[in-house]
Amino acid sequence: MPLDRLLGSLLCGFARLLTGVRALWLGCEPAPRTRVYFANHRSHGDFVLIWASLPPALRHRTRPVAGADYWLTTPLRRFLIERVFNGVCIDRRPERHGPNPVEQMGAALAAGESLILFPEGTRNMGDGLLPFKSGLHHLARAHPEAELVPVWIENLGRVMPKGSLIPVPLLCTLSFGPPLAPVEGESRDAFLTRARAALLDLAPPAD
Amino acid sequence: MNASSDLFTVFAGIFGLLAVFSLIGAGLKWRISPGAPHAVIDNLNARIKAWWAMIALIGAAIWLGKGGVIALFAFISFQCLREFISLTHTRIGDHRALLWSFFVFLPAQYILIGIDWYGLFSILIPVYAFLLLPISASLGADTTRFLERAAKVQWGLMICVYCLSHVPALLTLDIDGYAGRNMLLIVFLVLTVQSSDVFQYVWGKLIGKRKVSPAISPSKTVEGLVGGVLTSTAVGAALWWITPFTALEAALIALVINVMGFFGGFVLSAIKRDRGVKDWGSMIEGHGGMLDRVDSISFSAPIFFHIVRYWWVA
């Protein structure tokens with residue numbers, strides 16, 4: 001097994017051991033379809049956990065969408081995201097000169113791969129969800145064949161919050177909801193509101 | 001008789017009973033719903049299967065000796081605390097307090113049993129963790145629901161670590177004329193309290209009608225409670241020969257720990273209902289989480305420990 005594959009399996013195993021992750025397929029099954037898994041974002045480990053909960057055959061055809069400004073800044077991060085996780089690195093800055101992120105993501109979908117996307121655009125340090133960025137909408141418009149599956153990640157933000165070095169071994173649950181049904185002629189804002197609500201529906205009740 | 005032959009007899013008896021239960025479970029499956037899923041019977045069989053594994057694990061720990069039992073209960077505490085904190089709401093400001101709980105107080109509590117330092121064992125969590133954890137949380141500079149968060153972390157440590165650690169702590173008691181047999185006290189406690197859970201389930205399923213408190217637990221019935229507690233009090237009395245107690249004393253003690261065990265499950269059910277879940281986790285097939293299995297032990301172990309320590313330790 002090549003080093004990057006082995007490292008990927010080891011990281012998944014470690015993530016499973018640390019978080020005892022339980023995947024609840026509430027609205028769909030783990031099936032080999034072209035999908036965009038969109039999830040809440042609290043921790044850099046988020047996509048590793050989604051990745052670890054997918055069957056290995058699907059895992060290797062599912063690519064996390066990652067911010068180039070974070071993941072391409074050191075050689076180790078670059079190795080992890082490009083070789084181990086096979087991520088799609090996008091430039092989140094509005095003043096970018098490089099390729100268009102929606103086209104980059106679209107190319108992966110067109111090749112039959114699935115994506116893991118965090119539509120809040122950044123790690124959320126508070127409760128609930130931040131407003132969604134518009135990328136999910138553009139992607140949905142350009143690729144109606146892809147299923148949009150909401151995934152609520154519970155507790156990982158508490159296992160390893162931003163800025164902490166040692167994780168707390170809490171149990172994490174991933175809830176995979178039903179794919180968003182397409183709605184003809186829906187406006188961008190209405191779509192993003194609906195997608196955000198579908199994800200929040202999977203969250204446990206706040207207290 | 002010496003301790004190991006008594007242990008052998010007891011475990012042989014338990015495995016024999018389990019074999020009978022497994023046969024009954026398979027028979028029910030075959031008579032009532034062969035080939036098709038049946039919620040109650042399948043859950044019953046999953047529970048019996050899990051019992052084989054749990055009894056084998058406890059047996060292995062006892063065979064390894066004091067270290068094995070301490071390690072087993074430290075692991076149980078770790079898993080319970082994980083389940084407890086996973087379901088209760090804490091905030092980023094509590095991260096340090098949680099690290100202290102998992103990586104300092106939990107291991108320290110069990111190490112203190114290993115080195116037989118009773119004075120610190122009995123106050124480490126109620127005094128030191130109680131004061132140090134809120135200090136650590138306050139340094140997180142987040143005042144939102146501060147008292148509630150501090151209480152949750154402390155409560156989790158008390159239930160999952162402090163109370164449960166009283167089971168292996170039974171090994172440190174010096175009882176006149178009972179030297180080298182303390183393992184059997186653990187067997188008595190665990191067997192009595194767990195059999196109470198089992199018999200409450202069985203009586204409840206057979207004749208249960210009136211709910212104890214539908215708001216807290218939909219499955220606990222008065223018939224199950226009374227039948228279960230009385231049956232396992234009889235089990236405790238029948239086990240008097242492995243304890244330093246007389247048969248009557250064993251029955252009374254069994255009654256006390258069974259009632260405490262019932263309320264352990266009851267109190268933790270109230271927390272689960274409040275959080276909107278049925279089980280603490282999914283670790284043990286058919287039973288739910290680790291905490292679902294040991295909630296009764298958590299509430300009865302300290303009481304049992306102190307009864308023995310007060311009246312039987314010279």
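The model is predicted.

Start with helix H6 of chain A, residues 101–110. Its buried residues are A:Pro101, A:Met105, A:Ala108 and A:Leu109. They cover an arc of only 100° around the axis, which puts them on the same side of H6(A). The spacing fits a general rule. An α-helix has 3.6 residues a turn, so residues three or four places apart point the same way. The face turned away from the buried side carries the exposed residues A:Glu103 and A:Ala107. What does the buried side of H6(A) pack against? The partners in chain A are strands E3 (62–67), E4 (88–90) and E5 (114–117), together with helix H7 (135–142). Just after H6(A), A:Gly112 takes a positive phi of about 85°.

Next comes the contact between the chains. Chain A gives 13 residues and chain B gives 14 residues. On the chain A side, these divide into 8 nonpolar, 2 polar and 3 charged.

Chain B is assigned domain 1 (1–64), domain 2 (83–172) and domain 3 (181–314). The C-alpha centres of domains 1 and 3 lie 18 Å apart. Their contact takes 11 residues from domain 1 and 10 residues from domain 3. On the domain 1 side, helices H1 (3–32) and H2 (39–64) each supply at least two residues. H2(B) gives the most, with 7 residues. That side of domain 1 divides into 7 nonpolar, 1 polar and 3 charged residues.

Last, take helix H11 of chain B, residues 290–312. At 1.5 Å a residue, its 23 residues should span 33 Å; the end C-alpha atoms are 31 Å apart, which agrees. H11(B) has a kink of about 35° at B:Ser300, shortly before the proline B:Pro302.

Definitions and conventions: Residues are numbered from 1 along each chain as its sequence is written. Chains are lettered from A and ligands numbered from 1 in the order in which they are written. This is a predicted model: local features need pLDDT of at least 70, side-chain atom pairs count only at pLDDT 80 or more; totals for chains, interfaces and linings use all residues. A residue is buried if 20 or more other C-beta atoms lie within 10 Å of its own, exposed if 12 or fewer, and partly exposed in between; C-beta atoms are placed from the backbone. Helices (H or I, at least four residues) and strands (E, at least two) are DSSP runs, numbered from the N terminus. The arc is that of the directions from the helix axis to the C-beta atoms. Two residues are in contact if their C-beta atoms, placed from the backbone, lie within 7 Å. The expected span of a helix is 1.5 Å times one less than its number of residues. The bend at a residue is the angle between axes fitted to the seven residues ending there and the seven starting there. Ala, Val, Leu, Ile, Met, Phe, Trp, Tyr, Cys and Pro count as nonpolar, Asp, Glu, Lys and Arg as charged, and the others, Gly among them, as polar. Domain bounds come from an automatic or database domain assignment.
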